[in-house]
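Work through each task with the sequence and the coordinates at hand before reading the solution.

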Amino acid sequence: MHDLGVFRANLDAIAARLATRGLTLPLDEFHALDRRRRAAITESEQLRAEQNGMSREIATLRKQGVDTTAAQQRSREMSDRIAELAKDVEAADS
């Protein structure tokens, strides 16, 4: 698999080289796909950080005997969203 960083850094050169072979690189599509991929990764990382903080909070609240049902439900929703985002990133990588 090719390194996306190389493509990002040399996209114009790669497109020019492909053009000499009669191929066209859809630059707009590549940029759009790359933006969606990066946005999904960023959101996923933010949710993971939030979820980690929430897990620590839930543990503290449980020790205090507080009901954590709502927080646990929110954590599960975050897990589901993180899984969706991972699928989006995987699809973009393909």
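A nonpolar core is here a set of buried Ala, Val, Leu, Ile, Met, Phe, Trp, Tyr and Cys residues joined through side-chain atoms within 4.5 Å, where buried means under 20% relative accessible area, exposed over 50% and partly exposed in between, computed with a 1.4 Å probe on protein chains only. The model is predicted, so that local features need pLDDT of at least 70 and side-chain atom pairs count only at pLDDT 80 or more, whereas totals for chains, interfaces and linings use all residues. Residues are numbered from 1 along each chain as its sequence is written, and side-chain values use heavy atoms, with hydrogens and water left out.

**Exercise 1.** Find the residues of the largest nonpolar core and the elements that give two or more residues to this core.

Solution. The largest nonpolar core has 8 residues, namely Ala-40, Leu-47, Met-54, Ile-58, Met-78, Ile-82, Leu-85 and Val-89. The elements that give two or more residues to this core are helix H3 (27-63) and helix H4 (69-93); helices are DSSP runs of H or I with at least four residues, numbered from the N terminus. As a next step, take Ala-40: with residues up to four places away in sequence not counted, Ala-40 touches Leu-85, Asp-88 and Val-89, a contact being heavy atoms within 4.5 Å.

**Exercise 2.** Describe how H3 packs on H4, starting from their axes.

Solution. Two packed helices are described by the angle between their axes and the distance between the axes. Axes are lines fitted to C-alpha atoms, for helices over the stretch in contact, with angles running from 0 to 180 degrees between N-to-C directions. The axes of H3 and H4 come within 9 Å and cross at roughly 155°. H3 is therefore roughly antiparallel to H4, a label used for angles over 145 degrees. The residues of this contact of H3 with H4 divide into 12 nonpolar, 5 polar and 9 charged; Ala, Val, Leu, Ile, Met, Phe, Trp, Tyr, Cys and Pro count as nonpolar, Asp, Glu, Lys and Arg as charged, and the others, Gly among them, as polar.

**Exercise 3.** Carry out the corresponding analysis for helix H2 and H3.

Solution. The axes of helix H2, residues 11-20, and H3 come within 12 Å and cross at roughly 145°. On the side of H2, Leu-11, Asp-12 and Ala-15 meet Leu-27, Phe-30 and His-31 in H3. Sorted by class, the contact of H2 with H3 has 4 nonpolar, 1 polar and 1 charged residues.

**Exercise 4.** Is Met-78 buried or exposed, and which residues does Met-78 touch?

Solution. Met-78 lies in helix H4 and is buried, because its relative accessible area is 0%. Leaving out residues up to four places away in sequence, Met-78 touches Leu-47, Glu-50, Gln-51 and Met-54. For one of these, Glu-50, the C-alpha to C-alpha separation from Met-78 is 8.7 Å, although the two are 28 residues apart in sequence.

**Exercise 5.** Assign a burial class to Ser-75, Thr-68 and Gly-53.

Solution. Ser-75, in helix H4, is buried, with a relative accessible area of 11%, and Ser-75 touches Gln-51 and Met-54 when residues up to four places away in sequence are not counted. Thr-68 lies in the loop between H3 and H4 and counts as buried at 7% relative accessibility. Gly-53, found in helix H3, is partly exposed, with a relative accessible area of 27%.

Methods: Angles under 35 degrees count as roughly parallel, over 145 as roughly antiparallel, 65 to 115 as roughly perpendicular and the rest as oblique.
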